[in-house]
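Could you walk me through how to read a few features of a protein model? I'd like the general idea each time, then the actual case.

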Amino acid sequence: MKNLLGSSVKDLENIALDYGQAAFRGRQIYNWIYNYKNKDKNIEQIEVLPFDFRKKLKDDGYKVSELSIQERNLANDGTLKLLLSTDDNESIECVGIPTEKRLTACLSSQVGCPMDCKFCATGKEGLKRSLKASEILDQILFIENEMNRKVTNIVFMGMGEPLLNIDQLLLSIRSINEDFQVSQRKITVSTVAVPKMMSKLSEKSFQILGNCQFTLAISLHASNQKTRETIIPSAKNYEIKNIIEDSKKFVRETGRRVSFEYLMLNGVNDKLEHANELSNLLRGFQCHVNLIEYNQIDDVEFKRASLKNLQLFESRLSNRGIAVSLRKSRGLDKNAACGQLRQNSINK
Ligand code: SF4
């Protein structure tokens, strides 16, 4: 199977020429597949193309979309969570988070995840495989089709560790930026931090994209090494002070600010002493801290921190000169935690 999704206009012009068609036929395919108003992504439905050309493409195994909807969950606040099936019968999740002006797509980069974070439903299962760029992009098509709106922002915060799928991640970012017309500055790549991969990300980004303008969000979730290792087992390979140093290097190399994600877990990392420790760790570093409410999942010991602790933590960081914001959980009523829909479907 050859997926046209992720192809540039030049790629599609070349495909048209290979089939003895004029180059503009490639541009017609391009305009069709990246226009969210075209609901049907079946090649046969691209009626501006000659029938024979469509048939040949289809017979030769070309496709636009290769995922299918297994389950959809619409929360009261409008957040839409989709469980999508892949061609090899795996399932992945993606989420559309609407506000009046934005539609943010939260995308998966892998089927499962090898990082085994103890608070995460996805981490419980381990890694099945990494996604191809076309499968990453297909998630955007489904969100746009289902929500009847163009996606304006992208966050790679779904299933998987994006830095363990760097090539496909960057190929998908190229297409999101140039074909889906979402500025790199509206794309956030979230990582739990893998040794050596931050510098590889900036280096490869300059090679593949010519620049590195997306935001890097580092899931820190702790203010010291010991606590971090209890909630993120892979943290034992990467000292927290080295993560901060590598983050500073990423900022110097790219000119972009990084943000640190901090999941507030009751009794684990939500005390004022942790806020003090975190502000000491980040002092003098131009960065941003996002405090996140935890979506509790079954069979996991962690509980959501109280709103009072969240607010005290936030004002302590702010008073100590750290840029901080509080991210409220969306879609709480419908299996909101990452990996929860997939886990439920496997358990059925
Ligand atoms: S939180 Fe992210 S990196 Fe950690 S196990 Fe879950 S999906 Fe993987």
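Q: What should I know before I start?
A: This is a predicted model, where local features need pLDDT of at least 70, side-chain atom pairs count only at pLDDT 80 or more, and totals for chains, interfaces and linings use all residues. Residues are numbered from 1 along each chain as its sequence is written, and side-chain values use heavy atoms, with hydrogens and water left out.

Q: How is the protein divided into domains?
A: Domain bounds come from an automatic or database domain assignment. Here you get domain 1 (2-63) and domain 2 (68-347). Their centres, taken over C-alpha atoms, are 33 Å apart. As for contact (heavy atoms within 4.5 Å), 13 residues of domain 1 touch 15 residues of domain 2.

Q: Which residues are around the ligand?
A: A residue counts as near a molecule if one of its heavy atoms lies within 4 Å of it. That picks out Cys-113, Met-115, Asp-116, Cys-117, Phe-119, Cys-120, Gly-123, Gly-158 and Gly-160. By class, the shell has 5 nonpolar, 3 polar and 1 charged residues. Ala, Val, Leu, Ile, Met, Phe, Trp, Tyr, Cys and Pro count as nonpolar, Asp, Glu, Lys and Arg as charged, and the others, Gly among them, as polar.

Q: How many residues does helix H4 have, and how many of them are buried?
A: Helices are DSSP runs (H or I, at least four residues), strands likewise (E, at least two), numbered from the N terminus. Buried means under 20% relative accessible area, exposed over 50%, partly exposed in between (1.4 Å probe, protein chains only). In H4, 14 of the 15 residues are buried, so the helix is largely enclosed by the rest of the structure.

Q: Is Gln-181 buried or exposed?
A: Gln-181 is exposed, with a relative accessible area of 59%. You'll find Gln-181 in the loop between helix H5 (166-178) and strand E10 (187-191).

Q: And Ser-247, buried or exposed?
A: Ser-247 is buried, at a relative accessible area of 0%. This serine sits in helix H8 (residues 240-254). Leaving aside neighbours within four places in sequence, Ser-247 is in contact with Met-198, Ile-218, Val-258, Phe-260 and Phe-285.
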